Amino acid sequence: MEKLVYVITGKDDSLVSSRCEKLLDSLIDHSQKATGLFNVESNSASISEVLDELRTAPFLTGKRVVVIKQADDFITKYRELMETYFDKPCSTGILVMTVSSWKSNTRLAKKLPGIGELINVEPPKRGELPAQLISYASEVYSKKISRNAAEFLIDISGDEISRLYSEIDKLAIFADKEKTITEKHIESLIGHNRLFNVFSVIDSIIAGNAAEAIERLRGMFADDKSAEYTVVGAFAFHFRRMFNAKVMTGKGEPIGMIIKKLQIWSNRDKFFEQLKRISLKQIGGYLQRLAETDYAIKTGRTQAPVAMEQMVLSLAV
């Protein structure tokens with residue numbers, strides 16, 4: 001059953017906006033949006049303008065939908081008048097607001113359940129991301145992407161869902177008429193340069209050349225504006241692949257089998273040369289140090305470029 005007021009809240013603007021568009025599509029047919037949908041500029045609109053729109057009789061549609069995006073300041077400014085409206089909302093007008101936060105102890109929040117619905121938009125957890133990407137690729141582009149390919153994309157691009165959706169957008173175009181987005185598509189379009197750069201930094205680390213490692217790391221940040229968000233994932237991917245390859249070589253598995261299982265498509269010779277120069281214990285230490293660095297970045301204790309330089313210096317000594 002449709003409500004008269006919807007409040008969509010969340011910290012990620014892109015996710016909130018996407019959820020808002022889905023809600024609008026369910027509330028009003030696309031052919032009726034020209035006459036039945038009114039978007040309000042939250043920083044310039046007055047409460048009287050909003051209430052007039054909500055109370056205006058629908059034209060060529062059964063309802064009128066009024067949308068206020070990023071409405072936090074608007075709500076603060078007109079809270080008392082909005083509380084009055086919540087007491088007696090117009091039966092032919094639907095109010096949709098997006099906000100970054102919605103405190104449950106306010107009078108406005110306590111009135112909402114009687115007339116409307118609060119939609120809380122939370123970014124998916126790390127374990128939920130592959131399924132989200134598989135669903136997005138299928139629903140938006142009618143393309144398949146395997147869980148392994150989705151995991152690979154997350155590894156080299158980070159776990160920010162809106163950025164991952166953007167990568168799927170590019171990959172869908174890159175794959176063209178092919179029905180499946182593969183690991184090779186991902187490496188060719190997104191991962192090749194990123195992984196090659198990480199490879200070169202790690203090569204300098206293993207050689208004990210701290211100055212060269214830092215220079216190459218800084219080059220990554222200079223060349224790739226998204227590196228601040230993807231660098232940890234790219235290093236983690238390479239360290240994990242090194243760890244798995246080291247374990248497999250220790251068990252005597254053939255190189256060809258390792259290449260196939262770990263999907264090592266480029267820099268194969270250099271990868272195995274690199275592997276010979278490092279122990280399993282060292283790789284484990286690298287992964288531990290990277291996990292500590294990732295935690296420091298995500299908790300806001302430091303910035304990615306600074307944290308990664310500190311990590312690279314400590315590993316190259």
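Keep in mind that the model is predicted. Counting cavities of 30 Å³ or more gives two.

What lines that second largest cavity? Its lining is made up of Ile-47, Val-50, Leu-51, Leu-54, Met-82, Tyr-85 and Leu-95. Sort them by kind and you get seven nonpolar residues, no polar ones and no charged ones. Helix α3 (47–55) and helix α5 each put in at least two residues, and α3 gives the largest share, with four.

Now for helix α6, which covers residues 107–115. Here is how some of its residues sort out:

| Setting in α6 | Residues |
|---|---|
| Buried | Leu-108, Ala-109, Leu-112, Ile-115 |
| Exposed | Arg-107, Lys-110, Pro-113, Gly-114 |

Why do the buried residues line one face of α6? Look down the helix axis: they fall within an arc of 120°, so they share one face. The exposed residues in the table are on the other side of the helix. And what do the buried ones pack against? Their partners are β1 (5–9), α4 (72–77), α5 (79–87) and β5 (116–120).

Last stop: Thr-302, which sits in the loop between α15 (280–298) and α16 (304–316). Is Thr-302 buried or exposed? Its relative accessible area is 17%, and because the cut-off for buried is under 20%, Thr-302 counts as buried. Leaving aside residues up to four places away in sequence, Thr-302 touches Ala-296, Ile-297 and Ala-307.

Terms used:
Residues numbered from 1 in each chain as written. Predicted model: local features only at pLDDT ≥ 70, side-chain atom pairs only at ≥ 80, totals over all residues. Heavy atoms only, no water. Buried < 20%, exposed > 50% of the residue type's maximum accessible area, 1.4 Å probe, protein only. Contact = heavy atoms within 4.5 Å. Arc of directions from axis to C-beta. 1 Å grid on protein atoms, 1.4 Å probe; cavity = no way out; pocket = protein on both sides within 12 Å on 5 of 7 lines; lining within 4 Å. Points joined across faces, edges and corners; volume = space filled by probe spheres on them. Nonpolar A, V, L, I, M, F, W, Y, C, P; charged D, E, K, R; others polar.
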